[in-house]
Amino acid sequence: MTQHEYINHLEVQIRDLLEMARAEFSPLDSSFFHRRTAPEKWSAQECFAHLNSQMEKYFPKIERAIHLGKARQWQPTETVEHSWPGNSMLRRVTLTEPIRIKKAKKKYNYLGRTGRRDEYKSFLINLEILLRLLRQSRAIDINRPRIPAEGWLFFKFRMGELFEIFVRHAERHIVQAKSAIQ
């Protein structure tokens with residue numbers, strides 16, 4: 001797949017995520033977002049808090065990488081490559097059938113965060129930011145920028161694979177959020 005096709009594919013997926021999230025969650029009362037189906041499962045609000053916290057960690061790094069790529073004139077490439085850390089993370093965040101959601105680590109406890117703001121609306125804004133960053137990345141080679149992986153000391157993701165990680169991760173947790181509100 002060429003870089004142009006890869007970015008187009010991700011752009012369509014992000015737009016689909018936005019449409020799905022708006023269709024499923026916009027009509028709901030805020031009380032639905034805080035409901036847990038079981039004590040060990042996340043509420044929809046916690047799912048959105050998790051996605052927001054993950055994206056917000058990486059957005060400034062991606063933005064810097066895009067500016068660096070433009071400054072160094074890294075021209076778009078024909079092929080998109082994935083690294084070992086990227087492939088590993090993609091396997092971890094990909095939605096599989098049946099949905100296997102492991103118990104989250106204690107560091108991913110979003111109960112305290114969920115009362116601070118509307119995580120659902122922030123999630124929609126973050127998807128729009130992700131879409132903007134993806135469009136900006138068309139001007140550079142998305143294989144060249146390496147972005148340090150949060151929580152993995154020596155690993156870095158290629159910018160292109162990081163976009164795909166966000167999309168797959170969002171797909172997985174939107175399904176989890178939908179099951180939490182039903």
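## Handedness of a helix pair

A crossing of two helices is called left-handed if the near helix is turned anticlockwise from the far one by less than a right angle, and right-handed if it is turned clockwise. With that in hand, let's look at this predicted model, where the crossing of H1 and H7 is left-handed.

## H1 beside H7

Helix H1 covers residues 3-25 and helix H7 covers residues 159-181; they pack at an angle of about 20°, and their axes are 10 Å apart. Angles under 35 degrees count as roughly parallel, so H1 and H7 are roughly parallel to each other.

If you want to find this contact on screen, start on the H1 side with residues including Tyr6, Leu10, Gln13, Ile14, Leu17 and Met20. Their partners in H7 include Phe163, Val167, Ala170, Ile174 and Ile181. Sorted by class, the contact of H1 with H7 has 13 nonpolar, two polar and five charged residues.

## H1 beside H6

H1 also packs with helix H6 (residues 119-136), here at an angle of about 165° and with the axes 10 Å apart. Since angles over 145 degrees count as roughly antiparallel, H1 and H6 are therefore roughly antiparallel to each other. The crossing of H1 and H6 is left-handed.

On the H1 side, this contact is made by residues including Ile7, Leu10, Glu11, Ile14, Arg15 and Leu18. From H6 come, among them, Tyr120, Phe123, Leu124, Leu127, Glu128 and Arg135. By class, the contact of H1 with H6 has 14 nonpolar, no polar and five charged residues.

## H1 itself

How does the length of H1 check out? At 1.5 Å a residue, its 23 residues should span 33 Å, and the C-alpha atoms at its ends are 32 Å apart, which agrees.

Which residues of H1 are buried? They are Gln3, Tyr6, Ile7, Leu10, Glu11, Ile14, Leu17, Leu18, Ala21 and Phe25. An α-helix has 3.6 residues a turn, so residues three or four places apart point the same way. The buried residues of H1 pack against helix H2 (30-33), helix H3 (44-71), H6 and H7.

Leu162 lies in helix H7. Is this residue buried or exposed? Its relative accessible area is 1%, and buried means under 20%, so Leu162 is buried.

Leaving aside residues up to four places away in sequence, Leu162 touches Tyr58, Ile62, Ile147 and Phe157. Leu162 and Arg146 are 16 residues apart along the chain, and their C-alpha atoms are separated by 9.6 Å.

Conventions. Residues numbered from 1 in each chain as written. Predicted model: local features only at pLDDT ≥ 70, side-chain atom pairs only at ≥ 80, totals over all residues. Heavy atoms only, no water. Axes fitted to C-alpha atoms, helices over the stretch in contact; angles between N-to-C directions. Helix = DSSP H or I, 4+ residues; strand = E, 2+ residues; numbered from the N terminus. Parallel < 35°, antiparallel > 145°, perpendicular 65-115°, else oblique. Contact = heavy atoms within 4.5 Å. Nonpolar A, V, L, I, M, F, W, Y, C, P; charged D, E, K, R; others polar. Expected span 1.5 Å × (residues − 1). Buried < 20%, exposed > 50% of the residue type's maximum accessible area, 1.4 Å probe, protein only.
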